[in-house]
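Let's take a walk through this structure together, one region after another. Have the viewer open and follow along as we go.

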Amino acid sequence: MAQRSEGANLVYRYMAVALMAGALFCAAPARAQQAAQGQDAEAQPRQKITIGYLRRAENRPALSRLQTPAANDGMAGAQIGVDDDAVTGEFLNQDFELVAKKLKPGEDAASGFAELAGKGIKFIVADLPAEVLVEVADSPLAARTLIFNIGASDDILREEKCRGNVVHVAPTRSMLADGLAQYLIWKQWRKWFLVLGSHPEDRLWAEALKHSATRFGAKIVEERVYEDRGGARRSDSGVTMVQKEMPAFTQGVSAYDVLVAADESAVFADYLPYRTWDPRPVAGSAGLVPASWDPSNEQWGATQLQQRFEKKFQRFMTPLDMNGWTAARMIGEAAAHDAAADAFAMKAFLLSKDFTLAAFKGQKLTLRDWNLQLRQPILLSDGRNVVSLSPQEGFMHQFSELDTLGTDRPETKCRLN
Amino acid sequence: MPFELRVFVAVLLSAAFSFPAFATDAFVSNEKGNSVSVLNLETLTVKKTLAVGQRPRGIVASPDGKIVYVALGDDDMVATIDPQSLKVTGTFSAGRDPERIEVSPDGKTLFVTNEDSNYLSFFDLTTKELLGAVRVGVEPEGLAVSPDGKTVVATTETTNMAHFVDAEKRKTLANVLVDTRPRFAAFTPDGTEVWVSAEIGGDVVIIDAATRKIKDRVKFDVPGLRSENIQPVGVNISHDGKWAFVSLGPANRMAAVDVKTRQVVKYLLVGQRVWHAAFTPDDKFVLTANGVSNDVSVIDVAALKVVKSVQVGESPWDLAIVGAPKP
């Protein structure tokens, strides 16, 4: 980015000119529909769209210090999304604001939610664990809000516990697993050695991977559990210990093509690459990792978004940031189409044919009407570059190839009222 | 088919599809190759490859045909090429990440969409100085100049708008909400309509240039292809205003659209990942830049057939044909 400073200076020179030009924008159409029809500005009052952001203070673990989440992980993405919405808003006489609420440890999520809803905020981006999200969605004040889940990948939130007021921006574990599985199948790596952690979320991730294996024709030749004995993630003798432990742990597995690790708790997976007893690639929670975003993605115009983000926050954009950006842009798209008056109008718009979101993933994102899950491609990254993007070619679907990822309509257990 | 008959048919075909005969060239920007391939339109062979700088994309010829301008996105520059000597004659600073460029009909002003900033900028082509910039939406890309030179239209990919700008006063006239991820704008030669492609929306929106209202849409439906894979990018309208050829990106096809009826007459299979295209000055042929197959497809407009493909540099993106100002 350093070599761009000259260009950046030029941009600042533009600013002065542009600010003057900006003053003349009063001629811009007042509202979305007028703009769409090209009508001239009427004296419309400015519309203000306030987006709430609710998250729980959480210490997300990481084995690599490169992956330690920033304090504003997710929030920063939502802020860039709101900034993007606001630029469009300038032309449509709409203002956007992000109001954040961080729950203190032990603070009741429902009351935190009530604080935002009490301010009249109708659209709330939530980065909350699954059980807390359900609690919040079922609270009385939530009936007139639309919640955008960006943090919880639990399939159950889209299935048995789906709610009519929760839109899911984050991909599910099953979507991530299917995205990875399609690539491994394409690569002809059909024999998997599954290593899972001992925490409940590790088991859920492992279940999703096993389901994908069955769905796409891979075979799990062996399954081992890596017990978390609660030791410190870092110690002064770490590297030496790991180098001894991991080869031994992965010894004596019958012939396999790829080790698939399910370690959402970040206890061991990052220690597997280059340390397996047999020389095999690692995928899942380490090695080739499926996600909604990667800071190396520069396809489909993504470079511009990455640079906007990095310029403002001086760090790389994570999958959670991307989910936050996407949620804010979904709200912005609805607003541009005059569908931000209330939660019901917005939900109706997001479910309509008029809603298609461009999110730098090579194709449009739309909403599954049976469980309010956002359809999206899954990126596969090796930590330095995007290796591939699923759905892979050849995985066909009668309606949308994106529906080859995750639970499809005929299998859903969701009943929205 | 017997061999003799096949030869006969081949001879007949080659006679039917006589290639364009112009003493002019097509200039193809190769995004990854950092080069411009110069294609001889008589022989349809590459006669020269020019190294131009980092990430060349938008390319356009001056109305008098004496200069070819190419935007170098990663250099924040525009390079000038002399189409006679086939040499790069210079570069000038064009703001951050210039993507598409257009020249005013009088040849005096260069319009640039700076993808990485939210500006449409104006450059004096005599002094190469920045004249000014107009704030538009997020990720400006598509760019079109009205035939009378009075109006410039810029499209913004994330804001999803076509911004109409007064070219002289550099003031916004209207902001028209279009469909998702608008990538390209083109005026009809009579200046009455602006066609705007929506890459993710999957259609082309037709805006009345006078009222600045959407008056129509062109929809695409390629049998056997999912709608997600139909991603309209380039829109090229023939000089006689009869045809619009729309490139459909990963669908690997060009849609030949009847401008009057708005109907797709035929989908033509071209190379992979077709980005942009250009008509020859006599409207008899359309050349397309195919980003993944690294070639240029040549379409015979009367026959609605692809008659040839020519290998060019790495990741061809846009084409300019000297003597054929884009409508």
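A residue is called buried when its relative accessible area is under 20%, exposed when that area is over 50%, and partly exposed in between, using a 1.4 Å probe and protein chains only. Helices (H or I, at least four residues) and strands (E, at least two) are DSSP runs, numbered from the N terminus. What you are looking at is a predicted model, in which local features need pLDDT of at least 70, side-chain atom pairs count only at pLDDT 80 or more, and totals for chains, interfaces and linings use all residues. Residues are numbered from 1 along each chain as its sequence is written, chains are lettered from A and ligands numbered from 1 in the order in which they are written, and side-chain values use heavy atoms, with hydrogens and water left out.

Let's begin with strand 2 of chain B, residues 35-40, where six of the six residues are buried. In a regular strand, side chains alternate between the two faces of the sheet. Here Ser35(B), Ser37(B) and Leu39(B) point one way, while Val36(B), Val38(B) and Asn40(B) point the other way, and all are buried.

Now look at the partners of this strand. Two strands pair if DSSP finds at least two bridges between them. Strand 1 of chain B (residues 25-30) runs antiparallel to strand 2 of chain B, with six bridges joining them; Ala26(B) has Leu39(B) as its bridge partner. Four residues lie between these two strands in their hairpin, where Asn34(B) has a positive phi near 55 degrees. Six bridges also join strand 2 of chain B to strand 3 of chain B (residues 45-51), again antiparallel, and Val36(B) stands opposite Leu50(B) there. That hairpin has four residues between its strands as well, and Leu44(B) takes a positive phi near 55 degrees.

Further along chain B, four strands form an open, antiparallel sheet in the order 8-9-10-11. Its edges are strand 8 (98-103) and strand 11 (130-135) of chain B, each of which pairs on one side only. Neighbouring strands in this sheet are turned by 20 degrees against each other on average, direction ignored (axes are lines fitted to C-alpha atoms, for helices over the stretch in contact, and angles run from 0 to 180 degrees between N-to-C directions). Five bridges join strand 8 of chain B to strand 9 of chain B (residues 109-114), and Arg100(B) has Thr113(B) as its bridge partner in strand 9 of chain B.

Over in chain A, find helix 4 (residues 109-118), where Ala109(A), Ala110(A), Gly112(A), Phe113(A), Leu116(A) and Ala117(A) are buried. They lie on the same side of helix 4 of chain A because they cover an arc of only 160 degrees around the axis, the arc being that of the directions from the helix axis to the C-beta atoms. These buried residues pack against several elements of chain A, including strand 1 (47-56), strand 2 (94-103) and helix 5 (130-137). After the helix comes Gly120(A), with a positive phi near 85 degrees.

Our last stop is Gly197(A), in strand 6 of chain A (residues 191-197), which counts as buried at 1% relative accessibility. Leaving out residues up to four places away in sequence, Gly197(A) touches Asp202(A), Arg203(A), Val225(A), Tyr226(A), Ala262(A) and Phe268(A), a contact being heavy atoms within 4.5 Å.
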